[in-house]
Amino acid sequence: MRVSAPDPRAVREASLDELSRLGLPLPPPQFPLVWEPGDEIELRPTPEIEARIAVLHLILARCFGMPAQAAMSWLLDSHLVEMLTPPEWQFVMGGRGDHRSFVLHHDALFSLAWVLGLTKQLDPTVPVDERLVERMPNLVTGETFPQWQARILAAPQHPADAAALLDLHYCLDWAYLETERAGRALPGLVDANAIGQRRWALEWAVVLRGPYHEEPPGWEEVDLST
């Protein structure tokens with residue numbers, strides 16, 4: 001569902017109010033907006049987001065001891081082999097790559113679960129819901145991707161709500177990094193790495209349409225440099 005984007009300045013004002021409430025520094029006045037007036041927004045297709053969730057869940061299982069052969073069997077049974085990025089493929093099959101960076105995807109997974117209504121909130125001060133694993137494919141029992149899709153009955157967020165949370169995490173990403181650089185205490189149990197992962201997932205899931213936006217990036221192409 002493609003809709004008109006909400007007023008970006010009003011959304012930014014709400015984001016800055018939240019930063020102030022959390023006691024975080026505010027970005028500079030020239031900090032860019034995520035979208036412009038007149039832009040449109042939509043979410044990626046639900047099956048595409050579901051597939052990304054399933055792949056990230058499998059990668060986390062590999063991080064914590066799932067054998068490569070079992071992982072490949074599950075991907076084949078679920079018809080998801082082609083959904084892995086090249087770095088993910090190398091890690092799943094051969095354990096090559098930055099193990100820590102894949103573990104950090106736990107927060108990206110949490111963020112995508114929120115997009116599909118599998119978790120109720122994405123509070124920047126609260127760690128990943130411990131019950132999230134119950135809403136993921138049960139790899140131990142061999143629950144396939146289609147079986148999992150039928151079980152969860154995804155209820156995606158409204159695109160405007162997801163876009164507002166993207167703007168908030170865009171600001172939070174800057175604020176958390178600045179806070180850590182200054183050696184100050186963060187407002188909760190979530191660190192800058194986790195906020196960056198949550199933003200990564202939202203940047204990927206929320207599609208912005210307008211004269212200044214390119215085609216939606218691939219998972220590995222999401223730009224978090226600004």
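# Strands, domains and a loop residue

User: What is the bridge partner of Ser-4 in β2?

Analyst: In this predicted model, Ser-4 has Glu-40 of β2 as its bridge partner.

User: What makes β1 and β2 a pair?

Analyst: Two strands pair if at least two bridges are found between them. β1 and β2 are joined by 2 bridges, so they meet that rule. The two strands run antiparallel.

User: How many bridges join β2 to β3?

Analyst: Strand β2, residues 40-43, is joined to β3 by 4 bridges. The rule asks for at least two, so β2 and β3 count as a pair. They run antiparallel. Glu-40 stands opposite Arg-209 in β3. Glu-42 has Val-207 of β3 as its bridge partner.

User: What makes the contact of Glu-42 and Arg-2 a salt bridge?

Analyst: The cut-off is 4 Å, from a side-chain nitrogen of Lys or Arg to a carboxyl oxygen of Asp or Glu. Here the N to O distance is 3.3 Å. That is within the limit, so the pair qualifies. By this rule the count comes to 15 salt bridges.

User: Where are the domains, and how far apart are their centres?

Analyst: The domain assignment gives domain 1 as 2-44 + 158-209 and domain 2 as 46-152. Their C-alpha centres lie 24 Å apart.

User: How do you know that domain 1 and domain 2 touch?

Analyst: Contact means heavy atoms within 4.5 Å. By that test, 23 residues of domain 1 and 22 residues of domain 2 take part. The area buried between them is about 1,800 Å², and carbon and sulfur atoms give 69% of it. Three residues stand out on the domain 1 side. Gln-197, Arg-198 and Trp-204 supply 33% of the area domain 1 buries there, more than any other three residues.

User: How many polar links and salt bridges run between domain 1 and domain 2?

Analyst: There are 2 salt bridges between the domains. There are also 9 residue pairs in polar contact. Glu-48 and Arg-44 form a salt bridge, with the closest N and O atoms 3.0 Å apart. The limit is 4 Å, so this pair passes too.

User: Which elements make up the side of domain 1 that touches domain 2?

Analyst: α8 (159-181) and α9 (192-205) each supply at least two residues. The largest share, 10 residues, comes from α9. By class, this side has 16 nonpolar, 4 polar and 3 charged residues.

User: Where is Gln-157, and which residues is it in contact with beyond its neighbours in sequence?

Analyst: Gln-157 is in the loop between α7 (145-152) and α8. Leaving aside neighbours within four places in sequence, Gln-157 contacts Leu-43, Trp-114, Val-115 and Gly-117.

User: What makes Gln-157 and Trp-114 a polar contact?

Analyst: The cut-off is 3.5 Å between N or O atoms. A polar atom of the Gln-157 side chain lies 2.8 Å from the backbone oxygen of Trp-114. That distance is within the cut-off.

User: How far is Gln-157 from Ala-182?

Analyst: Their C-alpha atoms are separated by 35 Å, and the two residues are 25 residues apart along the chain.

Note on methods
Residues are numbered from 1 along each chain as its sequence is written. This is a predicted model: local features need pLDDT of at least 70, side-chain atom pairs count only at pLDDT 80 or more; totals for chains, interfaces and linings use all residues. Side-chain values use heavy atoms; hydrogens and water are left out. Domain bounds come from an automatic or database domain assignment. Buried area is the accessible area (1.4 Å probe) that two parts lose on being put together, summed over both. A polar contact is a pair of N or O atoms within 3.5 Å; within protein, one must be able to donate a hydrogen and the other to accept it, and residues adjacent in sequence count only if both atoms are side-chain atoms. Ala, Val, Leu, Ile, Met, Phe, Trp, Tyr, Cys and Pro count as nonpolar, Asp, Glu, Lys and Arg as charged, and the others, Gly among them, as polar.
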